[in-house]
Amino acid sequence: MSGHNESILREPLITGDNITYAKITDDILSPVENKPNKAWWIGFIVASLGALLWVVAVSYTFWNGIGAWGLNKTVGWAWDITGFVWWVGIGHAGTLISAVLLLFRQNWRNSINRSAEAMTIFAVICAATYVVSHMGRPWLAYWVLPLPNQFGSLWVNFNSPLVWDMFAISTYFSVSLLFWYTGLLPDIATIRDRAVGTRRKIYSIFSFGWSGSVKTWQRFEAVSLILAGISTPLVLSVHTIVSMDFATSVIPGWHTTIFPPYFVAGAIFSGFAMVLTLLLVARKVLGLENYITMFHIESMNKIIILTGSIVGVAYLTEFFIAWYSGSEYEQYAFINRSTGPYWWSYWMMMTCNVISPQLLWFKKIRLSIKATWILSIVVNVGMWFERFVIIVTSLHRDYIPSSWAMFYPTWVDISVFVGSIGLFFTLFLLFLRVLPSIAIAEVKLLLKSASEQAKMKQIKEGHENKEYVTEYIESLEKFDSVKQEDYAKI
Amino acid sequence: MESNKKYWKGLEEYNNTPDFVKNNKNEFAEPLPIEDVLNEAGLSTVTPRRDFLKALGFGLGAVTLAACQTAPVHKSIPYLVKPEEVTPGIPNYYTSSFNGQSILVKTREGRPIKIEPNPNAGQFFRGTDARAQASVLDLYDVSKLKAPALVKDGKVEETTWAKIDSFVKGELAKAQAGGKKIRIVSSTVSSPSTNAVIAQFISKYPAAKLVQYDAVSYTGIIQANQNSFGKAVLPKYNFDKADLIVSFGADFLGTWISGEEFTAQYTANRNYKSLENKKMSRHIQFESGMSLTGTNADTRVPVKLSEEGPALIALYNAITGNALPGGTLGNNATADKVIKLVAKELVQAKGKGLVVCGSNDVSTQILVNAINAAVGSYGTTIDLDNPCYLYAGNDAEFNGLVAEMNRGEVGAVLFLNSNPVYDAANAKAFTDALAKVPAKISFSDRADETATACDAIAINHNYLESWGDANAYEGYYSIVQPTINPVFNSRQAEESLLTWADAPVKDYYQFVRSNWEAKMLPAVGLKWEEVLEKGVVTSAAKPAGAYSFTQSLAQVATSIANSSKAFKGGDQIELQVYENVPMRDGKNANNAFLQELPDPVSKVTWDNFVALAPKTAEKLKVKEFDVVSVKGSNGYAVELPVLIQPGQAQGTASIALGYGRTKVGKAGNDVGKNAFPFVSFANGTMQYATNVTITPTGGYYELAQTQTHHSFEGRAVIKEATFAAYLKNAGAGNEKGEHKNYDLWDQYEKPGNNWVMAIDLNACTGCGSCVVACNVENNIPVVGRDEVRRRREMHWIRIDRYYSYETKNGDVTKEKEIAKLEDLDHVSVVHQPMLCQHCDHAPCETVCPVLATVHSSDGLNHMAYNRCVGTRYCANNCPYKVRRFNWFNYWNDSRFDNYLNNEFTQLVLNPDVTTRSRGVMEKCSMCIQRIQGGKLQAKLEKRPLKDGDIKMACQEACSANAIVFGDSNDPNSEVSKALRSERIYYVLEEINVKPGIGYMTKIRNTDTTVQA
């Protein structure tokens, strides 16, 4: 790869001068190899307090029963499944980045895939905890697995979307974990090689004896490709199946064929927002501006505009179909969403998911780190409300008016959700400390071809078309990590 | 590059010994001992003796150590001498009576667990009301006293019967000797044997007298009949003979005299069988508060309490052409119009009309008598010759007692089945007067309000532990027999009285038996054992005579006009205090089943409230659940939350009696507020209406309602038609759109039975006794007020109640249109029992991940509790929302301490139905234990199952026969016939879940000319 030059028109994926392989390793491993700074400690304490809240709330639920939540005879799912779908959705960006973008040879993914995949795994863990904790008898959760059992021929119900869900989520988790870990092997080996003492021993075990030989690298590439191939359909299938929990039911507002694509788009939408939320902070705090550049941020923002618009179209389509169907229950469900007792959650969803991402059409906003960060949070708030709207407002007023009811969360509902966020961040912050947050090996691949310094060299060599060079230099204006004066000299 | 160095494995290689050269070619240089192991000897190696002993020793030691732990000991004691009639697992049924109604008590292994109506009761056979169904729980009430008690300085100290007897006898003798009066205060005694006991008691203590008083009194009717016809009785009303029923505030389907009986009579003229004969009665209700009866009326006209008298006068004038003064209804144009039309119809219906009035005012009832006489009701719809003995209380006599006590004339007072300190109108005056009585004895089973004000509590048996009898109507005698040995150290009140009277026969069983053998049995030629088996003795009714009314009504009209004028208007609100269906007069307030049974109209549980019309609330500037202070003209004030009640007459308010008990027990203490002090004594009777001022307090109190949305949004969930339209087309209102069905699923094979149900919306009155019957039969947990507020009541069957508003442009049923309506007074109501529909394409079944809910081959949707992991997906996907989730371990959680949290009360559980643990879904099982029981019975008797062999608990309790259950594979079964009715529709059939319960359209016999 290092043998040829990349077109000067492509924006650099690594910025900064004097970037060497060693410097990349040093930069990326600095949080792993040094004592954590104050910012990390503050974050970690807050997050682990959240995780503690989660432990308390979930234990309270286990001890007393699901009655600790605000659910009732009409609304059997609320914050629990809202949280579940939200977390699963967030996970999707990681898989999309690591698998789909790999297959499409989008090299810019190399700097963000590691964190995104870690985020996937932690998000799926958070989602999975909901799967278990929302059950009335969580100690029997294994009954949804098709295990051989002592009950004779008692099997699971393969008609039930919850069984599909179980397959989907467990497959998703294992493949994601495998993919992530495989990618980590060369980097763990790097840490091992630089570490001493116990650390070395530990990393040595976890590096699975990575030798760095050509053969190893070749197999590594092959495995990555195969896993990417397996993961790619999962990006589509997992949230499709999650959406079928609703789509295959008879409840107006759930019983909708548009759900699979709509859910997948929503998942990617929220996932990218979460990647941005995390990386914008990590980049600053860990000093990784040269590897996660404005180009990355802008690219992700563009994906958010696209998926946000798909989601918006889906919302409008649902409304149109409700009217067009002529079914009074369906029509009522949608009128109730927008004007019923939960109107505020519907409009919260519309504002956050449909209107706010459209702001990203403005280049200024797209390139503003602050605005992007705020919008990324707004999007995830919106996506939480989307699931809340789908689940609660559909259930609370379905067919028989006598059973219409309101849902009010209890402190336990809120604590389980807030706590799951704490759990997620605890895991993520620990990840930042023990594993490289950027795929070192994969970033190194880009250094000789797609880095700013490589392109600078190209320009200096003077083989390039002047017009292109000017265009290239102009495109660098948005980079906060590029020193413009370097180019003024040329 | 090749290395020249050579490394040897050993000297053998270096020396290249022949052995090495030979073996080096093999994979293993030395032979592996595989052959040795696999040969015969290797396989049959015997364990050495020592090893065996070692293993044996270790094993023995380990087992011994493991066995050292004390295992829990469960005592299961077999019968030493097995009672002949008790077979574990097989229920026994005993006849008995509850409040005068003959019943069957189902016992299992000696425990009474369920009440059923007694099919031997002949013309008096009908369903059972909620109280009767719930009464088994009272037997297992832990709040009762466990032994008789003496009360000293307000402290209740348990003691022995000997001490009680010596105390009471001493006091009675003292009173007798001192020339003081002895009074037995009792609610109406309708038991011939009890009356005989009291007679014996009086013969021993001539100073004694029985004072009967009913918390909710019917003295007005009794005295009016005395006045009009010389007969001081409560007549027998025949609603089944009435084609036109006009009721003025009488809740005859609910709480008035004998609701179950009237329900059966009333629905006989309105149910599907009657409709098939093109016959349906008409019912017009004038009332201020919305009663259960009002919700069933064809036309309901809200009238203020002050307008009730004038309305009756107007009706009388319109029928007879007389011109009694005071019959103007100037402010209520609707009532005025309807009265005139009703008068015409009543005259036309000659002899087939019936006018009833809920008032306890003598003058008002005399006027009602005059109207009924004028339209020829006596001898047909009203029978004075076979009177009802359920209520004989005399308000004036009771009031006289207070005066006697105040004057210090009373030496001893005994309270039998009465609690005047709580429920007397003038409870304060009564309590003060009571303090002046030297000896006060209560027969209460618990230290209730009156008992704690007494000196001795001679705890009485529960009726399920008692001997006795009842005489509800002329010629209708029923037996009360014990179904369990007394649980506590209680003694039947009658036996106590006999003991204190030093009667020759103190054993009450002997007493009842000899009383029956002497008086009742010779006439019917039955033996005692036969009566015990049958439970009831009925003799042919006497011919009902026609009575004419001859008195002058001038004085009556003046009295009515004065009562009407007593309502001041202006800022004053006219308050009606009434009995609601679950709580009645509050005697059973500690019954958790009744507390959690939603009031059929308001759907409120565990509280009473102030019902106000929307307009009145607006005027008073209060909203729903605002706490208001209600101050009566006698100065009594309570703070209660407001409930906006559509159909409530403007300017009136209603508060239910029976709440606010303070000493009844864990479940019933401090539930709601006591409204009895609003009752006043005027014109010789108790009056249940008064003036109040209502002022907001600024507080807020959320009532626990099981239903919070009250309109059906124009959905096909409810289908209704007028009787006129029905006569033209039996399928009126049930027009089915043309649409094709596509099935993704295979049909289930139902080779044997296919259990289904038909529910007649025209018969169902919404009373809710099915709900309690289901609770008792299926061990359904009571969850308490807070959980109901969170919408988590567990009822498997519920009654959905919908309001629709009558306007010129038809009925309005949609929330958003209702919000724009001006007139919310004219409301029509429909009740719809809703339970698991046992869909053939059940949406719950497809979504359960663990197959915990599956379809059976006989058309049922099963629920396997043990398999349920509690994802609640099935409940979400149930379009009828009939699935109930065990949010907590309701039967074993100290936070739900009003129900089963003790081993004693757990004895009420039906052993055929498992209790559900927390985290498990449950729902109507179509009483699967009854289906299996019925099948087994038929099998044992070697015969095919007959239609009617199996009855659902809800069906059995229903007096209206609104629920028909059976096998649809049998084309001749009653349910198959019912399901062929053109009125049948299936709720939400358009979503093709194929429900198994057919509903029959609601038919209203409205006349557009009477329509408000």
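# Briefing: chains A and B

B:Gln285 stands opposite B:Arg300, a residue of strand S11 of chain B. This pair belongs to a predicted model. Chain B has 1012 residues, and 57% of them are buried. The secondary structure of chain B comes to 34 helices and 42 strands.

**Chain B as a whole**

- The C-alpha trace of chain B spans about 150 × 80 × 65 Å along its principal axes.
- The domain assignment divides chain B into domain 1 (1-68), domain 2 (149-217 + 393-534), domain 3 (237-385), domain 4 (567-705) and domain 5 (720-735 + 749-1004).
- The centres of domain 1 and domain 3 of chain B, taken over C-alpha atoms, are separated by 105 Å.
- Among the contacts in chain B with a separation of 6 or more, 74% join residues 24 or more positions apart.

**The four-stranded sheet of chain B**

- Four strands of chain B form an open sheet in the order S11-S10-S9-S12, and their pairing is parallel.
- The edge strands of this sheet are S11 (299-302) and S12 (353-357) of chain B, and each pairs on one side only.
- From one strand to the next, the twist averages 10 degrees.
- Strand S10 (residues 282-287) of chain B pairs with S11(B) in the parallel sense over four bridges.

**The seven-stranded sheet of chain B**

- An open sheet of seven strands in chain B has the order S5-S4-S16-S15-S14-S6-S7, with mixed pairing.
- Strand S5 (155-158) and strand S7 (208-212) of chain B are at the edges; each has a single partner strand, so one side of each has no neighbour in the sheet.
- Strand S4 (residues 149-152) of chain B runs antiparallel to S5(B), and four bridges join them.
- B:Lys152 has B:Lys155 as its bridge partner in S5(B).

**Two covered helices of chain B**

- Helix H6 (residues 130-139) of chain B is mostly covered, with 10 of its 10 residues buried.
- The buried residues of H6(B) include B:Arg131 and B:Asp138 as well as B:Ala130, B:Val136 and B:Leu139.
- The elements covering the buried residues of H6(B) include strands S1 (92-98), S2 (101-108) and S3 (111-117), together with helices H24 (592-596), H27 (769-777) and H33 (953-957) of chain B.
- Helix H19 (residues 493-500) of chain B is largely enclosed by the rest of the structure, because seven of its eight residues are buried.
- Among the buried residues of H19(B) are B:Glu494, B:Glu495, B:Leu497, B:Leu498 and B:Trp500.
- These buried residues pack against helix H7 (161-177), helix H8 (192-204), strand S14 (410-416) and helix H20 (508-519) of chain B.
- After H19(B) comes B:Asp502, with a positive phi near 50 degrees.

**The nonpolar core**

- In soluble globular proteins, nonpolar side chains tend to be buried together.
- The largest nonpolar core here has 448 residues, and A:Val275, B:Ile371 and B:Val610 have the most contacts inside it.
- Helix H8 (residues 259-285) of chain A gives the most to this core, with 16 residues.
- Apart from its neighbours within four places in sequence, B:Val610 is in contact with B:Val628, B:Val630, B:Leu640, B:Val642, B:Leu643, B:Ala653, B:Ile655 and B:Ile694.

- The contact between the chains takes 36 residues from chain A and 42 residues from chain B.
- Helix H5 (residues 161-194) of chain A supplies the largest share of the chain A side, three residues.
- By class, the side of chain A that touches chain B has 19 nonpolar, 13 polar and four charged residues.
- A:Asp80 lies in helix H3 (residues 79-103) of chain A.
- A:Asp80 counts as buried because it has 23 C-beta neighbours inside 10 Å, and the cut-off for a buried residue is 20 or more.
- Leaving aside its neighbours within four places in sequence, A:Asp80 is in contact with A:Trp69, A:Tyr130 and A:His134.
- A:Asp80 and A:Thr129 are 49 residues apart along the chain, and 9.7 Å separates their C-alpha atoms.

Terms used:
Residues are numbered from 1 along each chain as its sequence is written. Chains are lettered from A and ligands numbered from 1 in the order in which they are written. This is a predicted model: local features need pLDDT of at least 70, side-chain atom pairs count only at pLDDT 80 or more; totals for chains, interfaces and linings use all residues. Domain bounds come from an automatic or database domain assignment. Two strands pair if DSSP finds at least two bridges between them. Axes are lines fitted to C-alpha atoms, for helices over the stretch in contact, and angles run from 0 to 180 degrees between N-to-C directions. Two residues are in contact if their C-beta atoms, placed from the backbone, lie within 7 Å. Ala, Val, Leu, Ile, Met, Phe, Trp, Tyr, Cys and Pro count as nonpolar, Asp, Glu, Lys and Arg as charged, and the others, Gly among them, as polar. A nonpolar core is a set of buried Ala, Val, Leu, Ile, Met, Phe, Trp, Tyr and Cys residues joined through C-beta atoms within 7 Å. A residue is buried if 20 or more other C-beta atoms lie within 10 Å of its own, exposed if 12 or fewer, and partly exposed in between; C-beta atoms are placed from the backbone.
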